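Dear colleague,

Please find below the structure that I am handing over to you, together with its sequence.

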Amino acid sequence: MPALEVGTKAPDFELEASGERTVGLSAMLKEGKNVVVAFYPAAFSPVCGDELSVFQEALDEFERLDAQVIAISVDNIWSVDAFARAKGITFALLADFHPKGAVAEKYGVMNSDLGLAERALFIVDPQGVIRYSYVSPMLENPGADRLLDALEQMRKKRA
Amino acid sequence: MSEAHQEQQEHRLRAPVSDDDWSRGPADAPVTLVEYLDYECPHCQAMHPVLERLGHAHRDKLRLVVRHFPVASSHPHATDAALAAEAAGRQGKFWDVHDLLFGHPGRLAPEDLLNHARQLGLDLRRFEDDLNDPQLTRKIEEQKRQGVRSGVNGTPTLFLNGVRYDGPRDVESLSQAVAEAGKAADLRG
């Protein structure tokens, strides 16, 4: 299944997350903000730290554009928790561990050959509809600029 | 790997190089390389001698610009180090501190930064005042914000004539990229 496309209803999920949290999409959407859902291959893989660190550094920008950020990998909760602490990541890192990759599968970004989630970015609007969808080459750190651009476009359309 | 929604997108510098930037090399150089860096980042550390050699090899046609991107979430001293470079810059010693910071990895604690300033003969009282000047903090924050918007996706991130450079970071590859950017600039006249 290819990655879910713009205009699709975002499948709901609820997973354990770093910082002893349980994070659910529908609960987050109730706050009336957009939710950036970033899938990444694995905690402690050589590129991810940078990607998530950039998101961390850009949190104020995401906030300014009415978006919350969460990131999902197929690692177990202890691993993502250690990763969050090592990198100073304060937003929620979700463990899509059991059944492994079930959420990534729903979003069409589970790479079953490698047993890892693709490096993929989605923006879900407060109505629960996917407004942005992008799959990055696995070794390429996608950065935050395209997400911030997309959020800015969404804001313009609403205005 | 899924090919869905693959797009080739150039990442471009949103904030053009200006007189507010720290730069080395001729101001009218046909090629400008902007580096977003973090003084606590080991990859930036490794980049430093490479860029020095690159600058030397292309000294007539390359201008090197550095901007701050302290990844404060994982590098607790990075912002202070950036402030130290900026504060030294107010006394005309930005590049000296820049070189000292990369020349002495791991020495970024407050007392180390003061030692660097002392070693360079800076006015220490003024240096300490400037370290606490909110204007410098804002400058660094703004560079970081612009960096994120331009596609900085970690440190170091390089831009060659305004376009993000994602190629290999050895001297030879970069040298070739600089030469190509120079040719492209010539063609545009």
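I begin with strand β2 of chain B, residues 31-37. Of its 7 residues, 6 are buried, so this strand is largely enclosed by the rest of the structure. Please bear in mind throughout that this is a predicted model.

The neighbours of this strand come next. β2(B) pairs with strand β3 of chain B, residues 62-68, in the parallel sense, and the pairing extends over 7 bridges. Within β3(B), the residue that stands opposite B:Thr32 is B:Arg63.

Both strands belong to an open sheet of 5 strands in chain B, whose order is β1-β3-β2-β4-β5 and whose pairing is mixed. The edges of the sheet are taken by β1 (22-24) and β5 (163-165) of chain B; each has a single partner strand, so one side of each is left without a neighbour in the sheet. From one strand to the next, the twist averages 30°.

The antiparallel sense is found where strand β4 of chain B, residues 157-160, pairs with β5(B) over 3 bridges. There, B:Leu158 has B:Tyr165 of β5(B) as its bridge partner.

Two helices of chain B may be described together with the sheet. Helix α6 of chain B, residues 134-150, packs on the sheet and touches β2 and β3 of chain B, and its direction makes about 110° with that of β3(B). Helix α7 of chain B, residues 171-188, lies across β2, β3, β4 and β5 of chain B and runs at about 130° to β2(B).

I turn now to the packing of helix against helix in chain B. Helix α2 (residues 78-89) and helix α4 (residues 110-119) of chain B have axes that come within 10 Å and cross at roughly 20°. As angles under 35 degrees count as roughly parallel, α2(B) and α4(B) are therefore roughly parallel to each other. The crossing in which α2(B) passes α4(B) is right-handed. On the side of α2(B), the contact is made by B:Asp80, B:Ala81, B:Ala84 and B:Ala88, and on the side of α4(B) by B:Pro110, B:Leu113, B:His116 and B:Ala117. By class, the residues of this contact of α2(B) with α4(B) comprise 6 nonpolar, 1 polar and 1 charged.

α2(B) also meets helix α5 of chain B, residues 124-131: their axes come within 9 Å and cross at roughly 130°. That angle makes α2(B) oblique to α5(B). This crossing, too, is right-handed. The residues in contact are B:Leu83, B:Ala84, B:Ala87 and B:Ala88 from α2(B), with B:Phe127, B:Asp130 and B:Leu131 from α5(B). The contact of α2(B) with α5(B) has 6 nonpolar residues, no polar residues and 1 charged residue.

Chain A contributes 27 residues to it and chain B contributes 19 residues. On the side of chain A that touches chain B, the elements giving two or more residues are α2 (48-57), β9 (130-136) and α6 (145-158) of chain A. Which of these elements gives the most to that side? The answer is α2(A), with 6 residues. The side of chain A that touches chain B divides by class into 12 nonpolar, 7 polar and 8 charged residues.

With kind regards

Terms used. Residues numbered from 1 in each chain as written. Chains lettered and ligands numbered in written order. Predicted model: local features only at pLDDT ≥ 70, side-chain atom pairs only at ≥ 80, totals over all residues. Axes fitted to C-alpha atoms, helices over the stretch in contact; angles between N-to-C directions. Helix = DSSP H or I, 4+ residues; strand = E, 2+ residues; numbered from the N terminus. Parallel < 35°, antiparallel > 145°, perpendicular 65-115°, else oblique. Left-handed = near helix turned anticlockwise from the far one by under 90°. Contact = placed C-beta atoms within 7 Å. Nonpolar A, V, L, I, M, F, W, Y, C, P; charged D, E, K, R; others polar. Buried ≥ 20, exposed ≤ 12 C-beta atoms within 10 Å, placed from the backbone. Pairing = 2+ DSSP bridges.
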